[in-house]
Amino acid sequence: MRWIPILLLFVLAGCATTPPSNMDDSCEIFREKNGWYDVTRDVYERWGVPPHVQLAIIHQESRFQYDAKPPRRKLLWVIPWFRKSSAYGFAQVKDSTWDWYREKTGKRWASRDDFEDAVDFIGWYGNMTYKTLGISKWDTYKQYLAYHEGHGGYRRGTYRSKPWLIKVAGRVKVRASRYHTQLSGCKEELESSGWWPF
């Protein structure tokens, strides 16, 4: 009988870290992942970046994999070598950027593989993007370009020489719009649960 609590911990841990079954439907994501909507709503209230933008960025960056990392480069086309960056977690944040976030917010123990911390980072960064570049927190397309390139890179227009990135940002914008429409469709259900903030 002693092993039952331990088994329950493993089961709960597994449920908490697996990606949503249907990553294309924001209502289904929030129904399946208990507590995720509350967290994204709190981020919206704190930083002004809406839930559908948060989800679209995480979908693009990690497909909701809590421990996502960039692929390893290959040495001589075969041998696994170094990764191209230190990006890690739900939001694929580099070490230096994560350190900046923790310093500015005082969240010393924040972890990139924790959903709550990851979406808080996205909200904080989106707010910094608004303050630094004047980009609306609801403008998923430009927010994503600044997220990917950094504020300095966006200001210099580095994305203009990356047609592939412009296409990706367009896909993130479309996904965010779809997520927002879906959330509007389940508004009544979310309101009855006390979830809907707008």
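## A tour of the predicted chain

Residues are numbered from 1 along each chain as its sequence is written, and side-chain values use heavy atoms, with hydrogens and water left out.

**Stop 1: the disulfide.** Select C27 and C186. A disulfide joins them, S to S 2.1 Å (the rule is two cysteine sulfur atoms within 2.5 Å). The count for the structure is one. The link is left-handed, with -85 degrees about the S-S bond. C27 sits in helix 2 (residues 26-32), and C186 in the loop between helix 8 (163-185) and helix 9 (187-192); they are 159 residues apart. C27 is buried at 7% relative accessible area, and C186 is buried at 6% (buried is under 20%, exposed over 50%, partly exposed in between, with a 1.4 Å probe and protein chains only).

**Stop 2: aromatic rings.** The whole structure holds 19 aromatic pairs (Phe, Tyr and Trp rings, the six-membered one for Trp, with centres within 6.5 Å; planes under 30 degrees apart are stacked, over 60 edge-to-face, the rest tilted). Select F30 and Y37. Their ring centres are 4.6 Å apart and their planes at 85 degrees, so this pair is edge-to-face. Both F30 and Y37 are buried. Next, select W98, W100, Y101, F121, W124, Y125, Y144 and Y147, which form one aromatic cluster.

**Stop 3: a charge over a ring.** Select K33 and W36. The charged end of K33 sits over the W36 ring, 5.7 Å from the centre (NZ of Lys or CZ of Arg must be within 6 Å of the ring centre and within 35 degrees of the ring normal).

**Stop 4: R112.** Go to the loop between helix 5 (95-105) and helix 6 (115-133), where R112 is found. R112 is buried, with a relative accessible area of 16%. What does the side chain of R112 contact? The side chain of D95, in a polar contact of 2.9 Å (N or O atoms within 3.5 Å; within protein, one able to donate a hydrogen and the other to accept it; sequence neighbours count only if both atoms are side-chain atoms). The backbone oxygen of V93 also lies 2.7 Å from a polar atom of the R112 side chain.

**Last view: the whole chain.** Buried residues make up 42% of the 198 residues.

Terms used:
Predicted model: local features only at pLDDT ≥ 70, side-chain atom pairs only at ≥ 80, totals over all residues. Helix = DSSP H or I, 4+ residues; strand = E, 2+ residues; numbered from the N terminus.
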